[in-house]
Amino acid sequence: MLEKYDLHSHSIASDGTLTPTELMQRAHNQGVTTIALTDHDTTDGLQEAQQAASSLDLRLINGIELSAIHQHQCLHILGLNIDPQHPVLSQGIARQQQTRAERALKIAEKLEKKQIPGAYAAVTQAAGKGEVTRSHFADFLLANGYVASQQEAFDRYLSKGKPAFVPTIWAELAEVVEWITVAGGIAVLAHPLRYNLSYKWLSRMLPVFKELGGQGIEVINARSSEDEMRVSRQFAEKYQLYASVGSDFHSPDNQWVELGRLPELPKTMQPVWDLF
Ligand code: AMP
Ligand code: MN
Ligand code: MN
Ligand code: MN
């Protein structure tokens, strides 16, 4: 059987719109044979995903996408093939969730100052038991007519330097990589060219990431351009990092991103799944 990997996806446990069961079903329908569920700062969707995957003959890799800080910059680190029950990781996740909850309140306060009331109640209701993300705020702004698109919500309110941006004290990169590796997982830098960071900055950070125990870099992502993928490949080769492949799927509403619909990894690259 032809193997198809998708190692980056989201469910309603964070800012995705599908339940873990629906996500597994969709992945299977798209011909994916190995999927990682990587919700933002939570592993709550994994148990349900595992049940669904087992009944579909789909291989689930337990994953997470942790927010981290390195030299005042926020980076997203995927933890692949983690033990979600590991106490060190669980404690780290609890801390991140506390940070997320406090940040949501602060974002809502900032929106109120801009004469936009009711955000906190709306985002917590929308997130339910899941983690509140800026995507929830973007949806709220869109649904209430303050903006015409999710993108505009980020551009006008939620991105760095905009009125409702809250500089967030996520855990340090060193801590996040430690939690992942202690829990038996592989730390992978997600979407390296989506942070607006210079080539030089990334070239300094990657050896540090590796020194800390980071092993992989996302070389192929559904939202990357050819150029971005080429640069990511160069980073992987230069710093001898394993290559990861993932759609970063959030919702069927985004017609540009589909589970498993990804360019193939060049045969010369060392895939991260060699480590599973
Ligand atoms: P958070 O981790 O709460 O800061 O939320 C980050 C999430 O917001 C990302 O994972 C994306 O899903 C979404 N996001 C970030 N920037 C944008 C953007 N410019 N347009 C649309 N969605 C975005
Ligand atoms: Mn997201
Ligand atoms: Mn991300
Ligand atoms: Mn993601």
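Student: At what angle do the axes of helix H3 (residues 87-113) and helix H5 (residues 134-143) cross?
Tutor: The model is predicted; local features need pLDDT of at least 70, side-chain atom pairs 80 or more, while totals for chains, interfaces and linings use all residues. Residues count from 1 along each chain, chains are lettered from A and ligands numbered from 1 as written, and side-chain values use heavy atoms, without hydrogens and water. Helices are DSSP runs of H or I, at least four residues, and strands are E runs of at least two, numbered from the N terminus; axes are lines fitted to C-alpha atoms over the stretch in contact, with N-to-C angles from 0 to 180 degrees. The H3 and H5 axes come within 11 Å, crossing at roughly 30°.

Student: How is H3 oriented to H5?
Tutor: Under 35 degrees counts as roughly parallel, over 145 as roughly antiparallel, 65 to 115 as roughly perpendicular, the rest as oblique. The crossing is at roughly 30°, so H3 to H5 is roughly parallel.

Student: Which residues of H5 make the contact?
Tutor: Contact means heavy atoms within 4.5 Å. H3 brings Arg-103, Ala-104, Ile-107, Ala-108 and Leu-111. H5 brings Arg-134, Phe-137 and Leu-141.

Student: Which residues are the protein donors of the manganese ion (ligand 3)?
Tutor: Donors are N, O and S atoms within 2.8 Å of the metal (3.2 Å for Na, K and Ca); water is absent, so sites may look incomplete. Their spacing is E-x10-H-x114-H. At 2.1 to 2.2 Å lie Glu-65 (OE), His-76 (ND1) and His-191 (NE2).

Student: How far apart are the manganese ion (ligand 3) and the manganese ion (ligand 2)?
Tutor: Both are manganese ions. Their separation is 5.6 Å.
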